[in-house]
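Notebook open, model loaded. I want to go through the confidence first, then a few helices and strands.

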Amino acid sequence: MLTSRSPLTAAVALALLAAAVPLSSGASAAPGRADLDLTKSKAQWIDRSTVAWDVPGQDAEVRYARDGGLTTDGDDVRGEGHRIRLARVPGGLTDAQRAAYPHLKGYAAFRVDPRDRDRVRTALTGQLAAVQRDADGAARAATGVQIQGVLDDLYSRAATKADLGPVFRHGRPHLAVWAPTAQDVRLDIGGRSVPMRRDAASGVWSAAGPKSWRGKPYRYAVKVWAPSVREVVTNKVTDPYATALTADSRRALAVDLSDPKLAPEGWKDLRKPAAVPLRAARIQELHVRDFSVADRTAKYPGQYRAFTDTRSAGMRHLRKLARAGTSYVHLLPAFDFGTAPERRADQAGPDCDLPGAAPDSEEQQACVARTAAKDAYNWGYDPVHYTVPEGSYASDPEGTRRTVEFREMVRGLNRAGLRTVMDVVYNHTVASGQADKSVLDKIVPGYYQRLLADGTVATSTCCANTAPENAMMGKLVVDSVVTWARAYKVDGFRFDLMGHHPKANILAVRRALDALTPAKDGVDGKKVVLYGEGWNFGEVADDARFVQATQKNMAGTGVATFSDRARDAVRGGGPFDADPRVQGFASGLYTDPNSSPANGDRAAQKARLLHYQDLIKVGLTGNLAAYSFTDSSGRAVRGADVDYNGAPAGYASAPGDALAYVDAHDNETLYDALAFKLPPSTPAAERARAQVLAMATATLAQGPELSQAGSDLLRSKSLDRNSYDSGDWFNALHWDCRDGNGFGRGLPPAADNKDKWPYAKPLLADRALAPGCAEITGASAAYRDLLRLRAVEPVFSLATSERVQAELAFPLSGTADETPGVITMRLGDLVVVFNATPQERTQRVPGLKGTAYALHPVQARGADPVVKSSTYARSSGSFQVPGRTVAVFRRGG
């Protein structure tokens, strides 16, 4: 997700599709009385002996009713129920409890009467109500009760060690599900309803079956109190630990992933490309369907198997990138998600003449929108089952073809010289409560989803948030990642909205992967890379509930976080600017101004540009907090002293902590952002040069770098800022330059873009802004030269912050010779000049006078004729570089 984090990314759009199911309405407080409302759950049972509740006054009680029926009539709590007595604790929660639940630190604490503690497990299987009464016995407060903490206290020690889902022992399937609050669980399999056995210590229900169960569809029938509908229900629900599914996730399949029949040829002895340290990783972010659906040379368009077609244009391009230095392909979510029909017969598509409409027409987006809910397209940030490949990308979603073909995809990428990263989305689910696609919340209601103070499901991710801080949700994250690594040989994981995870959860994933060995597991888990979005927002912001996996907190852990600092400085402004023409370093701020008043006057533009240059300098160091340099004002600063919207620009403690990028699937592509921001008269050839220069600020930075697939080909989505559900028309990659780059395919969908249509329409109508083959192939070749240059010069991947401090400098920063729009970086034996201005610039570095430099051989023999005109004057230490060009010079020639 591209934002720096407040509202969102892929998840933003999904709010319209997958909001959490609200609690049902019910009685509210009577006028003049305290709050009596059992439709909310404001009390929190945090361990077997303590209830936390934000109420004043005296003792209380928990009422419980196995079959429900507790209600309020405005005066009291009515209905048959049993009682657990609660005594108010002077001083409130203990220090340890406040540390475990910092968001409850001001709550009153109520101690469960020791005489009633043997009733706790039973109480948790029915409706709960916390009640507080006056001295005369009248109810003054009543609410439902959240139970996540007490469930962890009672069951997690044993449950976290349990093998859940389908496990095969001597060929016989054993099925297990954690459902500690269920009154009964039965297994529906093979046309039978099989009783399951409950383990009292763990709350796990299990059943063992004959070998004939292998491959059979199954689901659980879970009888449980459901707060969202306030009654006991029997949910027919799939397995959260499913490893295979029928089409559209209707049933899980009892499948053994180690079955040789599910292994493609050569799988057991698959040879992978050499592992690349995260700090040196070069990553292409790619959507499975985008990759091939419009590729006329692909045998399997839109499918996993497209990556097995070695002769397709897409695979030929990926091999070119791999040879140049790209090391990983990062796949947007390819687990089972909830917003694309999996059977082709059920998929709809636009039924109008999309190519026939004008490039600035409203017709295309309207036509695409009419079938968006039923087409085969979605980014996939709407999980249903975390550990099963998505069926819409398989040749047949009804069975295990998706398992085999996902493995074939991994094998195809590995054979092309690329390791594979999966985008994983454990921070939310597509639905909760009793909604059709809810799974976790139908099995243990109110546990797996994160609840707010009133018991409603948090939706700060724009979907139903999960709670990885709870032991069994945290276990699900770890177990799922390990399964993908072991069973599918995935080489890395990118965590969506990682800041909504506890740091401890992500580090538990790291430890579990590190324990995997080639001899025991078939993979070397220590070589699996981890990175994610460390944004800080929502109900967990600023470590409100736990220490988050945010940018600053993950520094030094070996898990990288996306860095938005240089991204915004290079592009200009931020992802949610009302005026998309706010300029930045690569888009002409001050040096090639457009007409937007949002950029300010000339003095403001210059000041902002120089600050942007400082942000980019920090980015080039790998966002190191301790890196010392002279900023553009002449001050001696560290990376952490440079301001980024009120936060430190530098937050990393070592190269590899921060992942550099200038565009990803979220928000406008880089080409589209530049289309908005560069002066409208800028020719396509100059736009292409600005694109390569912008990409270079990430490609030549310390630490890992990610680019959206197709950015080297000037990929456009016709100015769509949120294409998660915009279909193939706006999203498909075009590998043949004769098909264009996607620009001018109509106004982007109204839902997320209509406010920008007045800016977009004249741009899309200007056919001169659509690049041709010369610009597209030239930009791609120039980008590959940068990758090669990076690959042959180890100084771009320094291992420690000390080495970066010693080897990297900005000799003109903060001096009279610092040119607005130009950054000069000395790196070991190299000098790199980023000239973002439209004119040729000379950078004189007095300290290098008399030292021999020449254009780096990769560029001197490379594809870009313009950079070849760069020169160096030894007599003055001056580097002359053409406009919108990054030139790399090497000492000694």
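Predicted model: local features only at pLDDT ≥ 70, side-chain atom pairs only at ≥ 80, totals over all residues.

**Confidence**

I started with pLDDT (the predictor's confidence in each residue, from 0 to 100): the protein chain averages 95, and 96% of the residues score at least 70. I then looked at residues 1–32, where pLDDT is below 50, yet this stretch has 112 contacts in the model beyond near neighbours in sequence. Contact here means heavy atoms within 4.5 Å.

Residues are numbered from 1 along each chain as its sequence is written, and side-chain values use heavy atoms, with hydrogens and water left out.

**Open sheet and its helix**

Helices (H or I, at least four residues) and strands (E, at least two) are DSSP runs numbered from the N terminus, and two strands pair if DSSP finds at least two bridges between them. I traced an open sheet of five antiparallel strands, ordered 37-38-39-44-41. Strand 37 (808–809) and strand 41 (853–855) are the edges; each has a single partner strand, so one side of each lacks a neighbour in the sheet. Strands 38 (822–827) and 39 (830–835) pair antiparallel over six bridges, with Val-822 partnered by Asn-835. Helix 15 (602–620) packs on this sheet, touching strands 37, 38 and 39, and its direction makes about 25 degrees with that of strand 38. For such angles, axes are lines fitted to C-alpha atoms, for helices over the stretch in contact, and angles run from 0 to 180 degrees between N-to-C directions.

**Helix 6**

I checked the span of helix 6 (313–324): its 12 residues reach 17 Å from first C-alpha to last, close to the 16 Å expected at 1.5 Å a residue. The expected span is 1.5 Å times one less than the number of residues. Its buried residues (under 20% relative accessible area, 1.4 Å probe, protein chains only) include Met-315, His-317, Leu-318 and Leu-321. Among what covers them I found helix 8 (401–415) and helix 21 (773–792). Just after the helix, Gly-325 takes a positive phi of about 140 degrees.

**Strand 17**

Strand 17 (204–208) runs antiparallel to strand 13 (172–178), joined by five bridges, and Trp-178 stands opposite Val-204. Two bridges join strand 17 to strand 16 (197–198), also antiparallel. In that hairpin, with five residues between the strands, Gly-203 has a positive phi near 75 degrees.

Methods:
Buried < 20%, exposed > 50% of the residue type's maximum accessible area, 1.4 Å probe, protein only.
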